[in-house]
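Work through the exercises below with the sequence and the structure open. Try each task before reading its solution.

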Amino acid sequence: MEAVPELRRKPAPWCDPPLPINALKQADEQSVAAISAVHHALHHYGLAAAAFRDWGVLAAPHYMGRTAVAGGVHRYQNEGAWGASPHLPAHRSLHSPSGTISQLFKFRGPNIGVCGGPGCATEVLAAAAALLDRKHVPGLWVVLTAFDPDLPPVDRTGAHAPGTHCAALALALTPPRPATTSGIRLRVIAGGAICVPPPTAESAPALDLFGLKSVLEALARETEISRAAFILPMEAGGRVEVEKIGRTAEHAHRNGDGAALDARLLCSLPLAETQR
Amino acid sequence: MTPSNPVWITGVGTATPLGHTYKDFADSLLAGKSAVGRVTTFPIGDHPSQMAGQVAEVPCPPGHDAAEFAGLHRLEQLLRWCMVGALRDADWWDRRREVRVGLVLGSGAEWLEMWETDALSGGSKLWEAHRHSESMLRRALRLMELSGPCLTVSAACASGNYALMQARQWLELGWVDVCVAGACDMAVTPMSLACFGNLRALSRRNADPQAASRPFDRNRDGFVMAEGGAMFVLERADSARRRGARVYAEVAGFGASSDAHNMVIPSPDPEPATTAMRQALDDAGVTPSEVDYVNAHATSTPVGDVAETRVLNAVFGDWLKRVPVSSTKSMTGHLLTAAAAVEALACVAAMDRGALPPTINLDDPDPECDLCHVANEARPAKVRVAASNSFGFGGSNTCLVLKAV
């Protein structure tokens, strides 16, 4: 969290010149982390933001705006209505990180905030699968943010306890393409009464920002790509299958038992973590 | 082109400043009633804007424990009331455990509203958040024993349209058999009213609350906050036909884009919002000349209403002179993240009742908003296709197209 003030001007070290002072001045810490993660992902793969002009953004922050409400309540109780920040609705709501990313990088596809509480990774991947299945957009940035530890203590003015970290994971997802020959594929299978039994695969961590990050990193290291797969369980028997696909992999889109998403565009490591 | 097995609305649950049932809402809407009044639920002496469209008390759904319900946050009460109402209306309530029922909620500030209300009344949820971390959506899913996936989405004031699009898509993917989707917001809180007031987004016509929300009128000076929500039951046409269900409308088209311009101010360039409207019409397989009614986003702000007029001009061209347009926010106020869902319900009411809801307080139309207004009084009309625009903070633009069945 100590890095956040600097990240508001320079979300990544190679941001030169720095952003205008008002660009992220009012943004929530999770929005700042999300912006930084997208910058890192673009830079890591040598891509220009302009190439993603028609892409959408799904951002899933975790308990967004808590520090701002803490500080806001303190000021409201002491100063009355005139102490209330006019920036709170636009910059501290569930839709704020996606809107900030869209504005800063000039992504003109739809931008949506997702979840905001427990189950962010599950919800954001379910939302992404539905949007990409419709093929309204060529691709989606999916950005997860969270604090570590989760729900850290805040004081009466809204300041976090020392040692709190804010992490972000940025994924670039496209609809599955028949011509795809390598990369990482996610298949989202909704839970419910009618469920397809999961195939045998390596056990995986919980489906959250940190679990997803560890799975993607493990797949990036995997050399025997034909067998690399993880299953991340969702509620009610649903799951996300993450696999590294090779030339012989079969990956036709299957309606009914799941929706596939390619994370191929950013090669095999579609993630970036904010600097702490 | 309408698909062979489209997605239909077969149930409605609502609570708005205009009424807590679909019938009351439609009656008041078509009577041109204003639901705006002076805020009475908390002190407003130093608030720049002192009026809102409020939901006085959310009724306890039948079969729920009244004492437990009374202890819930008002937003959670609203969600439960609307969900149960929609499932009962669609005749799925008693059979909800037999099918996969999904849940998609448009809501942008669940945690903010809950923390604020609790903190201002001396509670500890904000400080001990780890003890109160389950979302109201997951709690509702669990307590109502629904077995499908759930999702909260927010695109600010466009949230409800996204919720309906997601639900339609889950049905098309075969993830759910039935999906409850819509949006709820209880944003008329002390801090929220003050924040929007200090942003200078709200009308300050405090002496005449019922005349304050006046979209497209030359003397508009900002929007009026409101609260409420609407949830819909969506299912595939074959399922609805088999059951002999009452059908309100087809969820026929959706389009979305972002301005990428400013977090609060609409883009002066109409192209992004125009793209969203055109996508929605294409998705529904209709041409601009087939649209019988446009429910405009028009919030009654000086900048926003003019910006939307430019968008409508770009989409409809010369045909715009013949397409009736109204903003029902003139009666309800602006329900923020619930606005799109309630305005979808207004479109349903227009189809169902054969009448166009008016823009009230439209005494002196702004020449920069030169539209085919439904001014001040409802007008009889056969509505087969309705388009509902909803735009939001963060530069979100959406359009939903509903078709009569």
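The model is predicted.

**Exercise 1.** Decide why the radius of gyration of chain B agrees with that of a compact globule.

Solution. 
- Step 1: Chain B has 405 residues, and a compact globule with 405 residues would have a radius of gyration near 22 Å.
- Step 2: The value for chain B is 20 Å, which agrees.
- Step 3: For the extent along the principal axes, the C-alpha atoms of chain B fill a box of roughly 55 × 50 × 40 Å.

**Exercise 2.** Which strands of chain A pair with β1(A), and in which sense?

Solution. 
- Step 1: Strand β1 of chain A covers residues 56-60, and five of its five residues are buried.
- Step 2: In a regular strand, side chains alternate between the two faces of the sheet. In β1(A), G56(A), L58(A) and A60(A) point one way, while V57(A) and A59(A) point the other way.
- Step 3: β1(A) pairs with β3(A), residues 140-148, in the parallel sense over five bridges. Here A60(A) stands opposite L144(A).
- Step 4: β1(A) also pairs with β2(A), residues 111-114, in the parallel sense over three bridges. There L58(A) has I112(A) as its bridge partner.

Definitions and conventions:
Residues are numbered from 1 along each chain as its sequence is written. Chains are lettered from A and ligands numbered from 1 in the order in which they are written. This is a predicted model: local features need pLDDT of at least 70, side-chain atom pairs count only at pLDDT 80 or more; totals for chains, interfaces and linings use all residues. The radius of gyration is taken over C-alpha atoms; the globule rule is 2.2 Å times the number of residues to the power 0.38. A residue is buried if 20 or more other C-beta atoms lie within 10 Å of its own, exposed if 12 or fewer, and partly exposed in between; C-beta atoms are placed from the backbone. Helices (H or I, at least four residues) and strands (E, at least two) are DSSP runs, numbered from the N terminus. Two strands pair if DSSP finds at least two bridges between them.
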